[in-house]
Amino acid sequence: MKIELNNNKVFFNIDQIQKEIHPIWLRERVRDEEFLDKNNDQRLFDPSFIDNITIINAKINNDMLELTFGDGVTSKFDINKLKSEFLDSENFSNTAKIMFWDSSLKNNPTYKFKEKFYESREMYNLLKSFYEYGYVILKNVPTKNNYIVDFANSIGSIRPTNFGEFFNVRSVPDPNDLAYTSLALSPHTDNPYRKPVPCIQLLHCIENEVSGGFSTLVDGFKVATHMKEHNPKYFEILTKTKVKFKFIDKDVVLENKGELIELDEKNNLKQIRFNTRLDYVPLLEKNQLDIYYKARKEISKLYNSEKFRIKFKLMPGDIMMVDNHRLLHGRTAYDTNEGKRFLQGCYIDHDSSEGKLRHLKRKFNL
Ligand SMILES: [Fe+2]
């Protein structure tokens with residue numbers, strides 16, 4: 001990709017196709033002192049008032065583009081920065097290579113907690129792995145005084161819910177959620193009834209004395225890709241049907257809608273929802289529902305199959321960080337008579353982890 005000039009017009013040239021860059025697009029990127037607050041990178045002018053601006057002088061000097069605009073403003077632009085914006089290289093798919101996985105995955109992406117971890121290069125590596133695999137495990141994290149809250153707030157900001165700032169996962173009498181029993185939990189995504197759906201679940205193992213209670217994970221994007229290849233009709237209906245999810249207890253009624261497989265505007269996988277204890281499909285035509293129910297059954301079978309599910313035991317001090325928009329999680333049953341099993345959990349949003357990753361990338365010049 002190249003930046004080219006012709007008659008005081010600026011062009012970008014990709015694969016021999018030359019397109020003019022709008023002068024306002026360049027003018028609003030002027031970074032000189034009087035136009036941009038260096039402390040926060042916010043504009044000191046309002047570009048929405050600019051109209052019909054022209055470029056009256058343009059030249060390229062090494063990697064710098066020098067422009068004088070019709071309003072008298074002269075500024076220099078780093079061509080490499082302009083290029084990275086064209087190529088959208090700030091996008092995470094370029095920072096972390098997303099790897100879909102199934103049960104053939106050999107090792108969990110695992111890191112070790114240490115002093116000053118949050119500002120370290122290892123933290124950068126951890127977040128990068130998180131975007132690649134959709135989960136990471138961090139070992140040796142302090143287990144006292146609800147440390148999960150400090151952990152979450154050191155990446156970004158904790159996302160409180162009606163379960164509180166964090167929740168304790170152990171078996172209790174009369175639970176308001178099956179998580180608080182010793183029953184097996186089949187692979188699911190958390191809280192699809194919230195608006196917005198929590199992005200990342202953090203689970204911190206405080207005690208685990210039982211022989212069961214293994215954690216399970218499934219890469220929902222891998223399963224969705226498998227379904228798209230093997231059963232496009234099922235894939236289609238799961239990407240087109242908005243399902244309602246509901247949570248009810250004595251204090252609140254939460255509802256949200258979404259597809260079991262949500263795609264973005266470019267038809268890439270965006271978000272997985274799966275929680276068959278809480279889902280209510282709309283009353284579609286019977287033949288449509290017929291396909292929908294077959295598709296849900298099929299994807300449930302895939303999510304629960306040994307082919308896609310990994311299983312491991314969390315040890316005291318381990319924090320598991322799971323992308324709740326991509327992965328499904330669950331656990332095997334355990335026997336409360338064998339001892340204690342106690343985990344603490346909370347949610348953070350993707351802007352926390354993405355913001356931290358960008359910050360560390362900038363800090364270490366990566
Ligand atoms: Fe859960």
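A: Contact means that heavy atoms come within 4.5 Å of each other. With that settled, helix 4 in this predicted model lies across strand 9, strand 10 (135-139), strand 13 and strand 21.

Q: At what angle does helix 4 run to strand 10?
A: The angle is about 145°.

Q: How do helix 4 (residues 121-133) and helix 9 (residues 350-363) cross?
A: Their axes come within 9 Å, and the crossing is at roughly 130°. Helix 4 is therefore oblique to helix 9. The crossing is left-handed.

Q: Which residues of the two helices meet?
A: On the side of helix 4 they are Met-123, Tyr-124, Leu-127, Lys-128, Phe-130 and Tyr-131. Their counterparts in helix 9 include His-350, Ser-353, Leu-357 and Leu-360.

Q: What is the strand order in the open sheet of six strands?
A: The order is 9-10-21-13-23-11, and the pairing is mixed. Strand 9 (110-112) and strand 11 each have a single partner strand, so one side of each lacks a neighbour in the sheet. From one strand to the next, the twist averages 25°.

Q: How many bridges join strand 13 (residues 200-208) to strand 23?
A: There are eight, and the two strands are antiparallel. Ile-200 has Ile-348 as its bridge partner in strand 23. Strand 13 also pairs with strand 21 (residues 319-323), in the antiparallel sense, over five bridges. There, Leu-202 stands opposite Met-321.

Q: How does strand 11 (residues 167-169) join strand 23?
A: Three bridges link them, and the strands run antiparallel. Phe-167 is placed opposite Gly-345.

Q: Is strand 23 (residues 341-348) mostly covered or mostly uncovered?
A: A residue counts as buried under 20% relative accessible area. By that cut-off, eight of the eight residues in strand 23 are buried. Arg-341, Leu-343, Gly-345 and Tyr-347 are on one face, while Phe-342, Gln-344, Cys-346 and Ile-348 are on the other.

Q: Which residues are the protein donors of the iron ion?
A: They are His-188 (NE2), Asp-190 (OD) and His-329 (NE2), at 2.1 to 2.2 Å from the iron ion. Along the sequence, their spacing reads H-x1-D-x138-H. His-188 lies in strand 12 (residues 185-188) and His-329 in strand 22 (residues 327-331), so the pair ties together parts that are 141 residues apart in sequence.

Q: Are His-188 and His-329 buried or exposed?
A: His-188 is buried, at 12% relative accessible area. His-329 is buried too, with a relative accessibility of 7%.

Terms used
Residues numbered from 1 in each chain as written. Predicted model: local features only at pLDDT ≥ 70, side-chain atom pairs only at ≥ 80, totals over all residues. Heavy atoms only, no water. Donors = N, O, S within 2.8 Å, 3.2 Å for Na, K, Ca; no water. Helix = DSSP H or I, 4+ residues; strand = E, 2+ residues; numbered from the N terminus. Buried < 20%, exposed > 50% of the residue type's maximum accessible area, 1.4 Å probe, protein only. Pairing = 2+ DSSP bridges. Axes fitted to C-alpha atoms, helices over the stretch in contact; angles between N-to-C directions. Parallel < 35°, antiparallel > 145°, perpendicular 65-115°, else oblique. Left-handed = near helix turned anticlockwise from the far one by under 90°.
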